[in-house]
Amino acid sequence: MNYVFEFGWLAQYYPQIVKGVLITLELIAIGAVLGISLGIFCAWARALGPAWLKPIVATYVELIRNTPFLIQLFFIFFGLPSLGLQLGELTAANIAMVINLGAYSCEIIRAGIQATPKGQFEAGASLAMSRFETFRHVVLVPSLQRIWPALSSQVVIVMLGSSVVSQIAAEDLTFAANFIQSRTFRAFEAYMVSTLIYLCLAVLLRQTLAVLGGFIFPRRLVR
Amino acid sequence: MIEFSTWDILRNLLLATRWTILLSLVSFVGGGAVGLLLLFLRISKRKMARAFAKYYIELFQGTPLLMQLFIAFFGLGLFGVDVPAWLAAGLALILWTASFLAEIWRGCVESIAKGQWEASASLGMGRLQQMRYVIFPQALKIAVPPTVGFSVQVVKGTALTSIIGFVELSKAGTVVTNATFQPFVVYGLVALIYFALCWPLSKSSQILERKLNVAHRNH
């Protein structure tokens, strides 16, 4: 192997990388907040919601969980314009991520709701709370706390999965890597650097979510 | 301009589906073999082996599969070998699958009660014998549902190989779209084919898990 590694291009191209990292972070921040909100709604609908809503949500969840993210993205970005819905690449990427995370977090959160002891629902009812009030004030927060680690891993998985949004020309970190390799022909180095950045982002995101969990759920879970 | 019927589209997509299935099988079987090796390293008594497996898993689970594909595709080329897309795709998917399966199986092995290890050790069994006759048969039962469940991720993972130019279902979808200008129909069909491949796996994983829970309810 007579290949000389060369990282001199970093000096010239680091603004692209920084921009890519910022867009990746922006995508996952919006994706996580909206995706988990959608997941909470769907979990409520599947576990406690009205009967007519359950099969709709179940179909949505199964469809998303059993098809690749790349195809969902292509369908939204290339397919929907033929129905007259033209989306920018970042909007399409964000919508795809929200829909994707929504389906996965729905199943995770539902597991948390179903692990709630029956006594909690009965206690809520005995205080004359409606079913929804019981869910909102008694069940929801401990349920989220129960599955917070699983939900955090899913957010990290979606962040890593977001590297494919470069395929619809959303300018995330992978897009920056592709751009650099097409300019410098330093493919291996460009992907090596961006892979390491992804690794750092994944570790950082996991830590951040763990700290965030400590803030959102200050009280210990009563079993 | 040539007109394409829905059947024309579907036929071409189904032909490409063969490669998605083949690549999934290769990745899953190869990943299973490497994963087993990693599992042994991960639960070995040697500190170095444990650390190696731990960092391997951390690395492959903490970076995007797409980047791993790119590195396999462009990185192997540095050794002077002309890497075809299928080789890079297969290699990256096997290594990626292995990292997840090893971690899933480690959980299963560690859930076996410590008394089982001690009992088999007291019968004078070596570590390999303990594994082979006592731990594995029990761990295997627990491992089946999550392993089947993960196979769905493998099938979906193969979609990314279209980006480095391996022609499977997703790539065929792109090619057919470029020929027919009907992205809505084509990507809709592609999604349905993936669904048809993955849903039976998801469902059987759920059913297996439920069976397992019933069997273990009295514990």
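**A helix pair, close up**

Modeller: Start with chain A, where A:Leu173, A:Thr174, A:Ala177, A:Asn178, A:Ile180 and A:Gln181 of H7(A) meet A:Ala187, A:Ala190, A:Tyr191, A:Ser194, A:Ile197, A:Tyr198 and A:Leu201 of H8(A) (contact means heavy atoms within 4.5 Å; helices are DSSP runs of H or I, at least four residues, numbered from the N terminus). This is a predicted model, where local features need pLDDT of at least 70 and side-chain atom pairs pLDDT 80 or more, while totals for chains, interfaces and linings use all residues. Residues count from 1 along each chain as written, chains are lettered from A and ligands numbered from 1 in written order, and side-chain values use heavy atoms, without hydrogens or water.

H7 spans residues 173-184 and H8 residues 187-216; their axes come within 8 Å and cross at roughly 165° (axes are lines fitted to C-alpha atoms over the stretch in contact, with angles from 0 to 180 degrees between N-to-C directions). That makes H7(A) roughly antiparallel to H8(A), a label for angles over 145 degrees.

Elsewhere in chain A, A:Glu62 sits in helix H2, residues 53-65. A:Glu62 is buried but has no salt bridge, and the nearest oppositely charged side chain, A:Arg46, is 4.6 Å away. Buried is under 20% relative accessible area (1.4 Å probe, protein chains only); a salt bridge needs a Lys or Arg side-chain nitrogen within 4 Å of an Asp or Glu carboxyl oxygen. Across in chain B, A:Glu62 touches B:Phe195, B:Trp199 and B:Gln206, leaving out residues up to four places away in sequence.

Conventions
Helices (H or I, at least four residues) and strands (E, at least two) are DSSP runs, numbered from the N terminus. Buried means under 20% relative accessible area, exposed over 50%, partly exposed in between (1.4 Å probe, protein chains only). Lys and Arg count as positive and Asp and Glu as negative; His and the chain ends are not counted. Angles under 35 degrees count as roughly parallel, over 145 as roughly antiparallel, 65 to 115 as roughly perpendicular and the rest as oblique.
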